[in-house]
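Thank you all for coming. Please have a look at the sequence and the model on the screen, and I will then go through them with you.

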Amino acid sequence: MSREAPGSRVGLLTGVALCSFAANSLLCRSALRGGTIDPATFTVVRLVAGSVLLTVFAGRATWKHGDWASAAFLGIYAAAFSFAYLGLSAGTGALLLFGAVQATMLGVGMVRSERPVPREWAGLAVGLGGLVWLLFPGLTAPPLGPAFLMVLAGVAWGVYTLRGRRSTDAVATTAGNFVRAALLSLPLLAVPGASLHGTASGLSLAATSGAVTSGLGYVAWYAALRRLSGPRAAIVQLSVPVLAGLAGVLFLQESMTVRLAVATVLVVGGVALALTAGGSQPGVKKQDPVGTEDPGQVGID
């Protein structure tokens with residue numbers, strides 16, 4: 001997507017991506033918490049399904065796009081998230097994940113002199129406050145191992161997102177990254193004591209997660225990132241747990257609580273405050289501390 005793309009298109013792509021992330025959270029929760037599939041099999045099926053569908057959509061040699069470094073971060077995120085999910089409560093896991101995402105993306109932005117303006121800091125504070133308010137009842141002292149994995153997942157996702165800001169072909173780049181990540185994930189099936197298993201339901205959830213809410217959702221995200229500054233790309237992701245909660249109300253017959261309603265107002269308000277701030281826009285940098293650009297691409301955000 002070009003830098004001249006209309007703002008309405010960027011908003012639509014961002015909304016599609018965030019809704020996909022929220023739906024992906026529900027699919028992962030249903031599959032892994034329900035015991036219908038193990039984390040290793042879920043991760044591999046998820047990445048393979050995404051790579052197959054995206055390769056069909058790309059319609060050209062995927063090896064010419066994407067890169068091994070981005071694929072490694074994508075694979076680390078997918079695997080660490082799946083294995084951490086079994087040992088953490090939903091609230092604790094979400095705070096660790098999104099806390100790590102925020103710290104990574106904002107930290108890199110500070111290094112690159114892409115600092116949030118005061119209004120964005122205010123929006124971040126309000127949004128984080130809403131997220132803590134939403135998740136606080138489910139917070140528990142996390143086991144060290146799963147907590148480390150969830151933080152690792154957040155860092156990997158933050159770096160994968162930042163690298164995506166250099167992509168000039170969202171479909172092809174995401175397809176190339178997924179194909180490589182799927183190959184890198186195969187050794188998970190040989191991990192001793194992995195207790196591999198998968199019911200038809202679990203495999204179906206993993207495939208849907210990979211092909212639809214991950215694969216297509218990540219394409220939309222990469223397409224939107226060309227017009228989002230690093231701070232804004234970080235802050236808008238705070239809405240994912242709220243969107244997941246609302247989706248649970250709409251599709252899983254969960255209760256609409258006062259806590260969820262208040263959190264929705266706070267998070268949406270914080271994100272809106274950040275997005276309406278002036279001064280933080282994506283710009284061209286001479287160097288990128290996150291990594292090099294894809295072959296054949298020009299310009300580094």
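This is a predicted model: local features need pLDDT of at least 70, side-chain atom pairs count only at pLDDT 80 or more; totals for chains, interfaces and linings use all residues.

Leucine 152 touches Ile76 and Ala80, leaving aside residues up to four places away in sequence, where a contact means heavy atoms within 4.5 Å. Leucine 152 belongs to helix α6, and helices here are DSSP runs of H or I with at least four residues, strands being E runs of at least two, numbered from the N terminus. With a relative accessible area of 31%, leucine 152 is partly exposed; buried means under 20%, exposed over 50%, and partly exposed in between, with a 1.4 Å probe and protein chains only. From leucine 152 to phenylalanine 81 the C-alpha distance is 8.3 Å, although the two are 71 residues apart in sequence.

Residues are numbered from 1 along each chain as its sequence is written, and side-chain values use heavy atoms, with hydrogens and water left out.

Let me turn to the chain as a whole. The protein chain has 11 helices and zero strands, and buried residues make up 54% of its 301 residues. Of the contacts in the protein chain with a separation of 6 or more, 89% are between residues 24 or more positions apart.

Now, the aromatic rings. How many aromatic pairs does a search of the whole structure find? The search finds 10, a pair being rings of Phe, Tyr or Trp (its six-membered ring) whose centres lie within 6.5 Å, with planes under 30 degrees apart counted as stacked, over 60 as edge-to-face and the rest as tilted. The rings of tryptophan 157 and tyrosine 160 have planes at 35° and centres 5.6 Å apart, so this pair is tilted. Both residues, tryptophan 157 and tyrosine 160, sit in helix α6, three residues apart, which is about one turn of the helix, and both are buried.

The rings of phenylalanine 178 and tyrosine 218 also make a tilted pair, because their planes are at 50°, with the centres 5.8 Å apart. This pair links distant parts of the chain, since phenylalanine 178 is in helix α7 (residues 170–185) and tyrosine 218 is in helix α8 (residues 200–225), 40 residues apart. Phenylalanine 178 counts as buried at 1% relative accessibility, and tyrosine 218 counts as buried at 3%.

Next, the largest pocket, which has a volume of about 760 Å³. It is lined by 36 residues, and Ser25, Ala94, Leu135, Pro241 and Ala244 are the ones nearest its centre. On a 1 Å grid over the protein atoms alone, a pocket is an open set of points where a 1.4 Å probe fits, with protein on both sides within 12 Å along at least five of seven lines, and lining residues have an atom within 4 Å of a point. Helix α4 gives the most to this lining, with seven residues.

Finally, is alanine 190 buried or exposed? At 63% relative accessibility, alanine 190 counts as exposed, and its place is in the loop between α7 and α8.

How values were computed: Grid points are joined across faces, edges and corners, and a volume is the space filled by probe spheres set on the points.
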